[in-house]
Structure formats: C-alpha cells, structure tokens
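Subject: Structure handover

Hello,

Here is the structure for you to look at. My notes on what was found in it follow below.

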Amino acid sequence: MTDITFRFELPLGEFPLQVSASIPAQGVTALFGRSGSGKTSLLRCIAGLERPESAYLRVGEELWHDSQRELFLPPERRGIGYVFQEGGLFPHLRVRENLAYGYRRTPMQERSATLSNVVELLALDPLLRRYPHQLSGGEKQRVAIGRALLNNPRLLLMDEPMASLDRGHKKEILPYLERLHRNTSTPIVYVTHDPDEMVRIADHLLLIEHGKLIAQGPLATLLARIDLPISRDDDAGAVIDAEILSHDEAFHLSRVGFAGGELTVAAIDQPVGSGIRIRIHAKDVSLALEPPGPTSILNILPARIVQMQAHGRGRMVIRLDIGGVPVLARITQKSQHRLSLEPGDRVYAQIKSVALL
C-alpha cells in the first residue's frame, strides 16, 4: 500500500464538506481543526458510514468508492478498525471477551496481531477479568484500541479517542498512543482538535476548516508555516526530530543534537543515542542582532530570517532557518521595528524553553 487518495463532497449543517487529498499509507495522519469543522464527517466517509453522492476513495491499489462508476465497498468489507470517542465496549463482556470479539471473526490467514502482543503493547493484562464499568476512561480507550487492532485492520480510524477524558486520563493514555505509533505498521487516521495530541503522535497533517482542506503535508512542515491559522495559536511552534548526545548528571540536563545544531534541555530519562521529538514554542524564542553577553538562556543559535507576518494586534511571527531546520519566533511589532528586522537578516535565536514530546 503506497497512499490513500480520496475526494468527498457531502452536505453538512452550515456548510458542505468538500475535501480532496492524498495521505501516506503509513504512520499517523491527523485530521486537525476546530470542533464542528467536518473532521468526523470526513472520517465517516472514509469508513463508509457516510455515502456522499460525489465520492472517490482509493486505498493502495484497491478502489473502495467511486460515485462515477457507482462503486461502493460497504464498511464491513473495508477491513477498517474504528475507535470512537466513548470506546463503545460491550458492557456485558469482560475485557478479554471484548478483545477477542473481533479476533475470532478474523480468518486465521489474515491475523497479523495476536492477543498476547496487543495485551503487552497496551498493558492490558491487569484488566482482562474486569467489566467495562470497572475501568477508568483511559483504560476503556486502551481496550477499545486493542479490540480494533485485533480486527487486523488495513486502516485504523480514531475519532477523538481522548475527547471525553480529563487531563489526568489523557496523560495516562498518550504514552500508549505513542507506543502504538512506533510498533504498528497499520496506517492510522486520527481526528483531533487538541494541538498537544497532534504534535505528540502525528507524522502527517490535514488542516480542516469549515468543511474544506486548507493545507496538508508533513507535520513539521505545516507547523512552521506562518500563513496558516495554527501559527496564530498561543502554543504555535516547531516540532523537531533530535537525538540524545549526552547527559549532565551534575546539573540534571541532557544535550541533544538536530540538523541545526545542539540544545541543552532538562534531563531526559533515555539512553544516549535515542531518537526523540522536541517542540520549541514560538513564544519561547526571542531574537538578537549580536551574540548576547552572559545570560541565563542556555540555547542561543545563529539563524536567518526567512519570512515575517503580522499576527493580531502588535505581534509578529517570524520563520527562522536554523541550519536548514524551520523554527518560529513570536515578537512584538515594536521589537521588529526597533531592530529593523527584514527577511534575509542574520540573527541569534535565544531559545528559552524546549519541550520534550
């Protein structure tokens, strides 16, 4: 399977869904946008739960939906795993029986995941004898994900699986979603309006607004674009893949390297050589024309201004190039005017904080 290509036109309440895109058939693709933007409707079209009059869906070499040819593959023949917001477990079955429900219905030759593997992946062993009403919200979602995986899906669709969870339960389940991302070859389409979820697990991104696709592409590329609405959010920033280079036990710090240089961050409890994903918020990056003198900021890197755009009242978002890696900085328009900053200028990026993802 190489890619997943689709085009759907579907009437919604206040606006129509009109989306055409091609996404990788690997990793996690996030459908991101505000509540009510059409994300779930798009997911239901992919699943075959909606049947638009104008539609096209090809998964790899297989055509699942083509309205012009009057071809429509029903949901039960698409080999899809679907995780809903509320999990949808069978209340009268224990966890083990919920997990085994889809597994037993999958022909032996089509089984790629095993019950023991899924139980280990999602740490479900202590829950196997419980009923759904004995589980926390996070535990229910882990079971729901496990049940979907045991259907041996060709495509896993997840519709805001953490929307109904409080902050504590979200923190509980996120590591399992990251583990799922690392350890399964099944492509995942993940609906969310939470930027923290998006940057933690997604590789590819579709931005949906009022039923229309406004941008698509690799996560890091889209997060670094200053012309998109997400760059105006308070938590806007760049996502960077890095590697742990060393640990400073005396000061509880770690040194990480990326294509643009090195950063010192709070101690990371992983071995040297581990690959990690970090996030640098635009609000945590300030600019200087000359190398600053003694300062408490540990990370200061040479950069070049690529683009600038006014965002809101008195604010500027600036796209920087640090050794080929895009990073955003948010400063005031007064600061931009005082420093006479223009695209092409060489500056020093003072990075006040780096978040480990």
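**Helix 1**

Seven of the nine residues of helix 1 (residues 39–47) are buried, so this helix is largely enclosed by the rest of the structure. Buried here means under 20% relative accessible area, exposed means over 50%, and partly exposed lies in between (1.4 Å probe, protein chains only). Helices (H or I, at least four residues) and strands (E, at least two) are DSSP runs, numbered from the N terminus. The buried residues of helix 1 are Lys39, Ser41, Leu42, Leu43, Cys45, Ile46 and Ala47. Just after helix 1 comes Gly48, with a positive phi of about 90°.

**How to read the values**

This is a predicted model, in which local features need pLDDT of at least 70 and side-chain atom pairs count only at pLDDT 80 or more, while totals for chains, interfaces and linings use all residues. Residues are numbered from 1 along each chain as its sequence is written, and side-chain values use heavy atoms, with hydrogens and water left out.

**The chain as a whole**

The chain has eight helices and 21 strands. Of its 357 residues, 49% count as buried. The C-alpha trace spans about 65 × 50 × 35 Å along its principal axes. Contact means heavy atoms within 4.5 Å. Among the contacts in the chain with a separation of 6 or more, 66% come from residues 24 or more positions apart.

**The nonpolar cores**

A nonpolar core is a set of buried Ala, Val, Leu, Ile, Met, Phe, Trp, Tyr and Cys residues joined through side-chain atoms within 4.5 Å. The largest one has 31 residues, and Ile145 and Met158 have the most contacts inside it. Elements that give two or more residues to this core include helix 4 (137–149), strand 8 (155–159) and helix 5 (167–183). Which residues does Ile145 contact, leaving aside its neighbours within four places in sequence? They are Val83, Leu122, Met158, Ile173, Leu177 and Leu180. A second, separate core has 30 residues, including Val285, Met316, Ile322 and Val354. In soluble globular proteins, nonpolar side chains tend to be buried together.

**Arg179**

Arg179 is in helix 5. Is this residue buried or partly exposed? Arg179 counts as partly exposed, because its relative accessibility is 30%. Leaving aside its neighbours within four places in sequence, Arg179 is in contact with Glu120 and Leu121. Arg179 and Leu121 are 58 residues apart along the chain, and their C-alpha atoms are separated by 7.2 Å.

Regards
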